[in-house]
Amino acid sequence: MAGIVLALGVLALLVLVFFDWNWLRGPIERMTLEKTGRVLAIRGPLTVHLGWPWPRIQADAVAFANPDWAREKQMVTADAVEITVDLPQLLRRKLVFTDVWLKRPVVFLEQAADGRKSWLLDRRQQDEEARIQIDRLALDQGSLGYDDAAQKTHIRSELSSAARQTGGATDLGVAFRASGHYKGQLLRAQGSGGPVLAIRDEVTPYPVKVDATIGATSVRVDGTVTSLLALSGVDLRLAVRGGSMDQLYPLLGIALPSTRPYVVMGHLLHSGASWRLERFSGRVGASDLAGRLEVDTAGQRPTLEADVRAKVLDLADLGPVIGARPVGSGSATGHVLPDLPFQTERWRSVDADVRLRAKTLKRAKALPLDDLETHLRLRDAVLTLEPLNFSMAGGQLHALITLDGRQNPIQAHAKVRVKKIRMDKLLPTVDLNKNNIGEINGELDLAGQGNSIGRMLASANGKVGLVVAGGEVSQLMLEKLGLHLWEILQLSLTGDKQVRLRCAVLGFDVRQGRMQADALVFDTEVTTVIGTGSIDLGQETLNLTLNQKTKVTSPLALRSPIYIRGSFSKPQASVDTARVASRALGALALGLVNPLLALMPLVDAGPGQDSDCASLVQTVRAWPRTAHQSVAAPK
């Protein structure tokens, strides 16, 4: 019996050794056509190298057709194919190739607009289980193509052998060049990788180096990827450069703000549902940025967390973030307030929690801001900035801003508190302002709706109240406001003096973007300036009148109101020329009678009265606290 068993084993072995495997080409081709409806052609010799548990199959001149709807006739053609089959998986009726080697392949993969995929092997190309699992793939020269009509993606790439330096040794890898369109944007890429593509290998990191341009964005990566199909592990040095960060939305599917041209470099890591950009640094416009960023994809939508610090932040670089038009863009509208709309349809693509701190702010000399700190939250399309803090002219500016993107137009609410801003530092470019001593305090509380900052302010309702109690101001500035020629000449010769400021009160009631001055008083021990009029935030126009009432007789004054008119971009200050002319003509006429009488029309005898500062200050300080009674703030 033992001899019979041994003889049968030897006979089976001899059959396997001398069996002509080419006899199986026909049955394999017919079975493939029956199962997939697509032609498999093996025109060269077929060889099988037996081994357990992974026998190896070799075939020459192999072609496998695409389905009828695909643009390209063949899905795969290759001069030679070598496949290692996982027999234990095959016995479980699952086709797994642990290793595949293709010589000079031409591969075309396509996904139709209706979701059909050419690499799925069922007859309708829709069963995700009807595919061959390939763990590792080696390509010896050749080309790859991929089309996806729905994603506007069309890519063609060429592959060749390339030498790679691995430690101190030289390893033969794969170099590639690719071109086409990715998600509608022009693609150009080149790079290299290891000799074997670790498609499903969860253990072996695959070395990769890529330099690509997608639309206006340039990307450079160098590092390793574990499992090219699942991206189970990523460890890459990353550099990204582009014209604006919002151009990354089609690539990442995550809303990022509009910015000036930027470059960012860092260490990109991925494991599980987490993508981390560690120790990144870069520039946005003229601002430097550094910090860390993490995106978690485990939830309903990605969650972005970031901690960003800037040594120098150029405020001009924040313009695109809030919808300001770029300088020199050629599409200027004459508006000062930002008028570009926010893209709220993208806000639901991500939840965000971002902290930004900047010690030094690069800004116009006339804008005394420093020490920016803000905490941005975006959740369910509702964006909040709490806090938004600046150091301003020796004091502080604290703001809380909410933009509700769930509604169209956006419902906006802004509450700003001004604390201890010094008058002498507020306008450093104005010489007279340097002589003013006092601190500005107050609040504004506004709510509006619109898809841009300009439209929100144009529809705003609420209150604005600012007060200065105590301090000193420049007398020369006051005399210029009153057009007191004698005092202006006197102070110009002897030097400016300080006079006591009793109070300064600015209060506006805001309705549908129109700021009506309810209290506009500047009261000192020598004069009182009372303002009336309005500011239209929608039209961006000024219509204010300043009347000065002196408390001390001035022997030579033109006594005319000062009108502040024009637009935000071109404000104009003027006097009542008719009134000035009549006084001058009156002085001339009286001078013809008696030279001493010529001064009578030019005398400003006053008398101005002290304002009720205590009542004014108390009223204006109470306005922001009662603004919620007339302001519909978003919930």
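1. Pro-53 sits in the loop between strand E2 (46-49) and strand E3 (56-65), where helices (H or I, at least four residues) and strands (E, at least two) are DSSP runs numbered from the N terminus. The bond joining Trp-52 to Pro-53 is a cis peptide, with omega about 5°. Bear in mind that this is a predicted model, in which local features need pLDDT of at least 70, side-chain atom pairs count only at pLDDT 80 or more, and totals for chains, interfaces and linings use all residues. Residues are numbered from 1 along each chain as its sequence is written, and side-chain values use heavy atoms, with hydrogens and water left out.

2. There is another cis bond to look at, from Glu-386 to Pro-387, with omega near 0°. Pro-387 lies in strand E22 (residues 382-392). As background, most peptide bonds are trans, and most residues other than glycine have a negative phi.

3. Arg-93 is in the loop between helix H3 (87-91) and strand E5 (96-103), and it counts as exposed because its relative accessibility is 80% (buried is under 20% relative accessible area, exposed over 50%, partly exposed in between; 1.4 Å probe, protein chains only).

4. Asp-380 also deserves a look, with a positive phi of about 50° although it is not a glycine. Asp-380 falls in the loop between strand E21 (369-379) and E22. At a relative accessible area of 37%, Asp-380 is partly exposed.

5. Now the core. The largest nonpolar core has 110 residues, and those with the most contacts inside it include Leu-304, Trp-347 and Phe-522. Such a core is a set of buried Ala, Val, Leu, Ile, Met, Phe, Trp, Tyr and Cys residues joined through side-chain atoms within 4.5 Å. Leaving aside neighbours within four places in sequence, Trp-347 is in contact (heavy atoms within 4.5 Å) with Phe-342, Leu-378, Ala-381, Leu-383, Leu-403, Gly-405 and Ile-410.

6. For the chain overall, I'd note 10 helices and 33 strands. Of its 635 residues, 43% count as buried. Residues 24 or more positions apart account for 50% of the contacts with a separation of 6 or more.

7. Helix H2 (residues 25-36) checks out: at 1.5 Å a residue its 12 residues should span 16 Å, and the end C-alpha atoms are 16 Å apart, which agrees. The expected span is 1.5 Å times one less than the number of residues. Gly-37 follows H2 and has a positive phi, near 75°.
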